[in-house]
Amino acid sequence: MHDIRVGTEDVFKRQIELASRNFALFKEHGVRAFNVMGAIGSGKTLLILRLAERLKEKGLRVGAIAGDVAGDDDYQKFVAAGLVAANLNTGDDCHLDAHRVGHALESFPLGDVDVLFIENVGNLVCPADFPLGTEGDLVVISVTEGDDMVRKHPKMFAQTDVLAVNKVDLASFVGVDPMVLVDDYRRLNPHGAIALTDARSGRGVDELLTALGL
Amino acid sequence: MHEYSLAHALLEGLTEHLGRHPVQGRVKAVHIRKGELLILSEEALAEAWRILTEGTPVAGSELRIEKVPVQIRCPACGYEGPARYVSDEGWHFTVPVLACPRCGGRTEVVAGRDLAIVGLTVDEGGPPGGEGAPPVPPG
């Protein structure tokens, strides 16, 4: 019995290379891109639509890529709102990756947008391991998911840039204190920016724009 | 959730390596490095390995996982080293904080997102293919 040293290529090396390629493509076109993550039903799509409304008022052109396992429901919402949009079905995968996004970008008119939101598959776990090449990450939690969502997904929140605590209008109905989520996030991620939002009414969307640096 | 695709990628890398550098005997263990920031279940990864390697030359090999701690670099003050950790008994976890432990600045991750094979344990006396190899059909 003996040990042999073997150095295979890092499994994520190719993902990181592809993410860097996407990053360079965004820079080349002057596009500010964001990876929007969060659980199913957290309100990612509506929040993107609200952000897009505000950005349009500022004279910026907004695009969105709808990442989903199947279907084009979110894509249709983006199209109906007048966004430059693309649909990206993963088949069965529970997350987007830089490779898939790179392919979607091949036919995406990056020259027609200033800000691009890439809505990841509804999932609070897997997307964190797969950088897409965006300049920032936004994670959306709705208060209806419970006040323990941050501490249940510590690695996700330790690594992301911006947290939106959404559906704050429902907090009292579900007995959740949004500040518990905020405090947990601050402990894990002292640099993370935070906005409390209610995408339905548009409350907090301006704060979220500021948090994203837009 | 993506342990199977990552186990598959590891197996592809190993198969390619063994094609170029064959080993004599049975591969008993495959040693991998796994960054602590990766959200991967070690149990699921080991199970995926067991299933995906069936019928391959490394069938029956055990996946041995070495955890790679996070290393960060601070562009502001030049700190490079381990991260500070947040832990809480009630939380049942310990998580690295990616802010600089010296100046509080935003840092870059230098290590902690790795996933690669670093070594093999080979039993020269064992037949290639291992216990998990499929039986040769009669006739």
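User: Which residue stands opposite B:Gln71 in strand 7 of chain B?
Analyst: That's B:Ala111. Keep in mind that this is a predicted model.

User: OK. How do strand 3 and strand 7 of chain B pair, and over how many bridges?
Analyst: In the antiparallel sense, over three bridges. Strand 3 there is residues 71-73.

User: What's the strand order in that open sheet of chain B?
Analyst: It runs 4-3-7, three strands with antiparallel pairing. Strand 4 (80-82) and strand 7 (108-111) are the edges, each pairing on one side only. From one strand to the next, the twist averages 35°.

User: Switching to chain A. Is strand 6 mostly covered or mostly open?
Analyst: Mostly covered: seven of its seven residues are buried.

User: Which residues sit on which side?
Analyst: One side has A:Gly136, A:Leu138, A:Val140 and A:Ser142, and the other has A:Asp137, A:Val139 and A:Ile141. Both faces are covered.

User: Which residues touch the most other members of the largest nonpolar core?
Analyst: A:Phe117, A:Leu138, A:Leu208, A:Leu212 and A:Leu214, out of 27 residues in that core. Several elements of chain A supply at least two residues each, among them strand 2 (32-38), strand 5 (115-119), strand 6 (136-142) and helix 9 (205-211). The largest share is six residues, from helix 2 of chain A.

User: What is A:Leu214 in contact with, leaving aside neighbours within four places in sequence?
Analyst: A:Arg32, A:Phe34, A:Leu55, A:Lys58, A:Val115, A:Phe117 and A:Leu209. So A:Phe34, the residue opposite A:Gly136, turns up again here, and nonpolar side chains do tend to be buried together in soluble globular proteins.

User: Now the interface. How many residues does each chain put into the contact?
Analyst: Chain A gives 31 residues and chain B gives 43 residues. About 3200 Å² is buried between the two chains, with carbon and sulfur atoms giving 62% of that area.

User: How many salt bridges are found across it, and which residues are involved?
Analyst: The rule finds one. A:Asp161 forms a salt bridge with B:Arg106, and their closest N and O atoms are 3.7 Å apart.

Methods: Residues are numbered from 1 along each chain as its sequence is written. Chains are lettered from A and ligands numbered from 1 in the order in which they are written. This is a predicted model: local features need pLDDT of at least 70, side-chain atom pairs count only at pLDDT 80 or more; totals for chains, interfaces and linings use all residues. Side-chain values use heavy atoms; hydrogens and water are left out. A nonpolar core is a set of buried Ala, Val, Leu, Ile, Met, Phe, Trp, Tyr and Cys residues joined through side-chain atoms within 4.5 Å. Buried means under 20% relative accessible area, exposed over 50%, partly exposed in between (1.4 Å probe, protein chains only). Helices (H or I, at least four residues) and strands (E, at least two) are DSSP runs, numbered from the N terminus. Contact means heavy atoms within 4.5 Å. Two strands pair if DSSP finds at least two bridges between them. Axes are lines fitted to C-alpha atoms, for helices over the stretch in contact, and angles run from 0 to 180 degrees between N-to-C directions. Buried area is the accessible area (1.4 Å probe) that two parts lose on being put together, summed over both. A salt bridge is a side-chain nitrogen of Lys or Arg within 4 Å of a carboxyl oxygen of Asp or Glu.
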